[in-house]
Amino acid sequence: MKHFGAKISLILLTFILLSSCNAVKRVEDDERLLTDNTILVNGEKIKEKRIYNQLYQEPNTTFLGLPLQLYFYNLAKPNPDSLFQHWLTKKPQRKERLADLLSEKQVVRLGNIYVNINEWVKETGEPPAVIDSSLAQRSADRLKAWYWNNGWFNTETGYEIIPTKKKRAKVNYFVTPKEPYIVDSITTRIASIVADSIYEAHKANSLIVPGQQYRTEDYGAERERLTSLFRNNGLYYFEQENLSFEADTINTDHKVNTAVIIQNRQATVNGTATRIPYKVHKISRVNIFPDYTFENRKDPVTDTASREGYHIYSFGKLKYRPRALTDAIFITPNSIYSDEQRSLTYNRLNQLRIFKYPNIQYMEDPADSTGTDLIANVFLTARQRYSLGFEFDISQSNIQKFGIGFGGSLLIRNVFRGAEILEISARGSIGSSKDAANDTDRFFDITEVGVDMDLTLPRIFFPVSTESFIPKYMYPFTTFSLGASTQTNIGLDKQSLTAVMNYRWLPSETLTHLLDLVNIQYVRNLNIPNYFNVYRNSYQELNDIATAENVVTNEGYFVINEYGGRNLIIPEGANAFLRDARLGEVENLTNSQVQNLNDIRERKNRLTEDNLIFASNFSYILNKKENIYDEDFSRLRVKVETAGNFLSMVSKVANLDQNEDGKYNLFGVNFSQYAKTEIDYIKHWDLGRKNIFAIRTFGGIAIPYGNSNSIPFIRSFFAGGPNDNRAWQPYSLGPGSSGGRNEFNEANMKIALSAEYRFNLFGDLNSAVFVDAGNIWNVLDVVEEEASTFTSLQDLEELAIGTGVGLRYDFDFFVLRFDVGFKTYDPARPEGSRWFRDYNLPNAVYNVGINYPF
């Protein structure tokens, strides 16, 4: 209680100190600091963000009601250069003494440092938002323009500056919109017969709709729609400036009568400027130059090829199969000119990673007397065939507290002359983990070495054509991957082999489909006798049962420790005790002890068994994020995976032998069989001024069946960590209310929910407050412990809740993140004492991460 009072006192003292900061320190006597904006529409206060965004001046940003950035700005001296000079000459001979001690140049540098520090404080902080009446008037005018652009043509606006405290004031804006105008008739004045016919054929899609309130934004969107419509229907020379709208509101009783006006295009004929009607242009010929460079542009063509009307010209020996080039070109001979075809071609060529600076040019076909035929010339400059890459990184993972990674890669382009890419990479890492049990005296107790090979084809590789349902405009790719890795000194030591055949295609700009037709993974444990050294909690629980007073067993399993107590010998004694207990050769065991021994044995068998996973999975990814700066978006990922069905069918058809548990065995391994699904949804709301609210919801379940009683460790779920529930360490939460008593707690069902409010403190330093909720459970597998299993919706009471705060520093190319999580609701504690029991700094979890958690 004493410590709690001290913490409260410290918080209150900090709050008082911050409150006492003088926000108007840099505000002149004849100025006022803007504290609030209020917009009153017909006398009523509104809160619509889109309308407040029209104001040119906003109050200083605050956190918990305090303008921290303004306080930081006020720390800077207004005239640091003159202040330093004043300080330097204030005392006699101070300058000379400093020059003797540091040298004259160093004294000058000291002054520069002082100035630079103050400039940095100014740039990082936020200057006071001093009310500017001219900006207030401009804001009122802008509000009037906003309402005009949304149909209120007779709006009246004004403002009033209202003083509050000393050197402070707020601004009230007054808006009287009056009656809005409604779109009525739409007529056309289109000079070109061709343009008029195209317009009429698509006018049902118009974004200017009669009966709706006028919005200037709708007219701008309609202009863009029509421009795109015409340019994608053959009007090569159509430009947006030739399209205009005329809105008539005179004596219309608040109606807007609209005329769509399209003039003929300007051109020069026989030296005279004139206007000529638009024509529908078609592509008569497509020429591809796959090895074009500025240096060889005038060289003669030495190799040619043709395919399906495409003509390929090479300045040297042609290095590509014709199909590899034509499949990437969406501009087709004898088709109508379309901007969309050119955009699709640019996107596809850039995706191939084979060419740089693709350039598409059109010219009128000199052989066509009508002037409607166009020749498309596609100029491609090849990237270097071979690329070497090296990487070095420092990382943190679920197992590693600290790791150093290094690797290299060789990328080979156009391997088989079909625009394929082969990438061979090798990696290695060393790390430190307190959970590894091989050598506690070594800091680096984890090592990993791996080799991977990926072959990417710019098409769907399948025995039959997939063009009918995965056309080339969906940018299809096929990737074959092989990988091998070995981990040592991480406890059990593992070797793994992977083989994947993956398809990827994009049905739209926001939608991605991923299909692993084949995903094979083989994991072999190399150091199984070390199990009880790694999983010390399991060993301790086993040892407590073996040394219980009621248990009678073989004394040869034990060694006497320095305190005279008995400990099971690892691994011989521990394994023998487990075996004899299963065979009934250990006497006087209680039912509870028998159940605990079964749990320990099952977990040991599952975590030490080799895994053979032969799976297929499909991922549906809908990402509305437009670019890396977009902070108002949503992202949905749904993944479905099944494993073991093919091997099960083969085993039955081949009539393979089953073991004593009724399981099939391939190459000495019981293959895994399960069905798994994951749903992950992320949503960001941009609240303006670098304030963002973000949520994440995740649900996953994996059900074993057939040849499996449980899910392989590498396919199971865990909870906790810097990207999950940040109040718990990785693998330390759950399952259920069991208390995370194992070193690596995992299960086959997971729910995770997170909400985070992000805001800017000053400069590139941001902060966040967050709430995380979630847990893992066992369901429909071999685990029977009530505390670990999910049996009904009532078990949702075991959702652990963590809250906390974080700091994030934006380095532009990545974000360094530091979060502190507090256990707010801990389901591992007894009922009635789960809320705020460990809500303190000694029990907090500190997380360091790269980039945002979601």
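A residue is called buried when its relative accessible area is under 20%, exposed when over 50%, and partly exposed in between, with a 1.4 Å probe and protein chains only. The structure is a predicted model, in which local features need pLDDT of at least 70, side-chain atom pairs count only at pLDDT 80 or more, and totals for chains, interfaces and linings use all residues. Residues are numbered from 1 along each chain as its sequence is written, and side-chain values use heavy atoms, with hydrogens and water left out.

Helices (H or I, at least four residues) and strands (E, at least two) are DSSP runs, numbered from the N terminus. Consider helix α11, residues 339–352: its end C-alpha atoms are 20 Å apart, in agreement with the 20 Å that its 14 residues should span at 1.5 Å a residue, the expected span being 1.5 Å times one less than the number of residues. In α11, Q341, L344, T345, R348, L349 and L352 are buried. Seen down the helix axis, the buried residues fall within an arc of 130 degrees, so they line one face of α11; the arc is that of the directions from the axis to the C-beta atoms. Among the elements that cover these residues are β13 (355–364), β14 (373–382), β17 (421–432) and β19 (477–488). Just after α11, R353 takes a positive phi of about 60 degrees.

Strand β24 (residues 611–623) contains N611, which is buried, with a relative accessible area of 6%. Leaving aside neighbours within four places in sequence, N611 is in contact (heavy atoms within 4.5 Å) with Q521, Y522, V523, V669, S672 and P712.
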